[in-house]
Amino acid sequence: MISVADHVRTWAEIDLDAIRHNIGVVRRRIGSQAEILAVVKADAYGHGVAPVARTLAAEASIFGVANLKEARDVAALGTGRDIMLLSACLPAERRDAVEEKFIVTVSGADEAAAFADCGPARINFKIDTGMGRIGCSADSALEALRAVRQMRNLEVHSISTHLPSADEDFVFTGSQLEKFAAMKNQIREIFPAAKNHALNSAGILNHHVGPTEIVRPGLMLYGASPILSMQKELRPALTWKARVAMVRDVAKGASISYGRTFIAPERMRVAVLALGYADGFPRHVSGNGSAALLHGNHCPILGRVTMDQIVVDVSATPDVRPGDAATLVGNDGEQQITATELAARAGTIAWDIFTGIGQRVQRFHYDSAVN
Ligand SMILES: *Cc1c(COP(=O)(O)O)cnc(C)c1O
């Protein structure tokens, strides 16, 4: 564990050994031959890209990011791994992306030609089999790829597709993967060396069948499973904490926070925590059983989450003191709050909770296998 200075108001502790464990789960599922494209966009889902990517580099051969800035941040680590831009590049980003040797994602022949104009480029050709976002429509993909083969300056690194419902719709995802597999055989005749990839975390956990060439895990690397029954396989890497700034007793009938949505039904002891929605803590969790953990107890959030402070009920934990650390996501004694649980109470998803953790939240990395 780590010790965090008393003046730090809210912070995240990230265990790199958990990240190592989670990529090990990916490795065991896919076998030793397949490549792992570790998705580290959005500051490694809020976990801090530099230490996380250095840890993942032992197993991953490619890093996936969303944009040029993120690609440069990863390149600067000097891991020597390839870096793929997963989103569509803006026209204005193409030249830099090519010159800096990032693998770019391309959705059709015209876009491929624009990259070819920027010099020798490595492309990930994306096919839309049902995501409906980027990618060449499946019907015209072969024709587009034949056109790409005629272009100079292009190396097709990989052919890919994306799964919109691998955690929800087993049948649709299965049909997508079948369609992609059928196309792969035809594409192989055009580009024998291009590898293929389709599986995100939910795909890896729910749909991994037979040999695969590259997989693209994101969320599961951080220890949150999109498939609840598989959560026990993974180790959550991130613990989110905040200090108690103040402890007060409030009278029966007193109202708490904006809008006065909570009225104390009796005399209560409350603690004020030093974080709020400006730190990325979801605002929509008041009055629905959400809690912070203090001294190993569940302490319900009272009234609305405000920008910088949250009020919690510590009536059952009266020895709480200012300066104590509360846990918003993570374990405290026997109790646990996962990012997925917090997300469900906030009407969102774990991806959104992680990537929303704000800049005021200091990140501290440690390695439980070493210290
Ligand atoms: C973000 C992303 C992933 C990772 O998805 P998870 O659900 O977090 O595993 C995979 N592929 C693409 C194209 C992505 O944009």
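In the predicted model, a backbone N or O atom of Leu 219 lies 2.8 Å from an oxygen atom of the ligand. The protein buries 91% of the 390 Å² that the ligand exposes when taken alone. Two further pairs involve side chains. A polar side-chain atom of Ser 201 is placed 2.5 Å from a ligand oxygen atom, and an N or O atom in the side chain of Trp 351 is found 2.9 Å from an oxygen atom of the ligand.

The ligand is located in the largest pocket. Its surroundings comprise 13 residues, of which Lys 41, Tyr 45, Ser 201, Arg 216 and Leu 219 are the closest. By residue class, the shell around the ligand consists of six nonpolar, four polar and three charged residues.

The cysteines were examined separately. No disulfides are present in the structure; the count is zero. For Cys 118, the nearest cysteine sulfur belongs to Cys 89 and is 9.5 Å away. A disulfide requires two cysteine sulfur atoms within 2.5 Å, and Cys 118 therefore takes part in none, given the 9.5 Å to the sulfur of Cys 89. Cys 118 has a relative accessible area of 12% and is classed as buried, because the limit for that class is under 20%. Cys 299 is likewise buried, since its relative accessibility is 1%.

Conventions
Residues numbered from 1 in each chain as written. Predicted model: local features only at pLDDT ≥ 70, side-chain atom pairs only at ≥ 80, totals over all residues. Heavy atoms only, no water. Buried < 20%, exposed > 50% of the residue type's maximum accessible area, 1.4 Å probe, protein only. Near = heavy atom within 4 Å. Polar contact = N/O pair within 3.5 Å; in protein donor to acceptor, adjacent residues only side chain to side chain. Areas by Shrake-Rupley, 256 points an atom, 1.4 Å probe, with all protein chains shown as cover. 1 Å grid on protein atoms, 1.4 Å probe; cavity = no way out; pocket = protein on both sides within 12 Å on 5 of 7 lines; lining within 4 Å. Sits in = over half its atoms within 2 Å of the grid points. Nonpolar A, V, L, I, M, F, W, Y, C, P; charged D, E, K, R; others polar.
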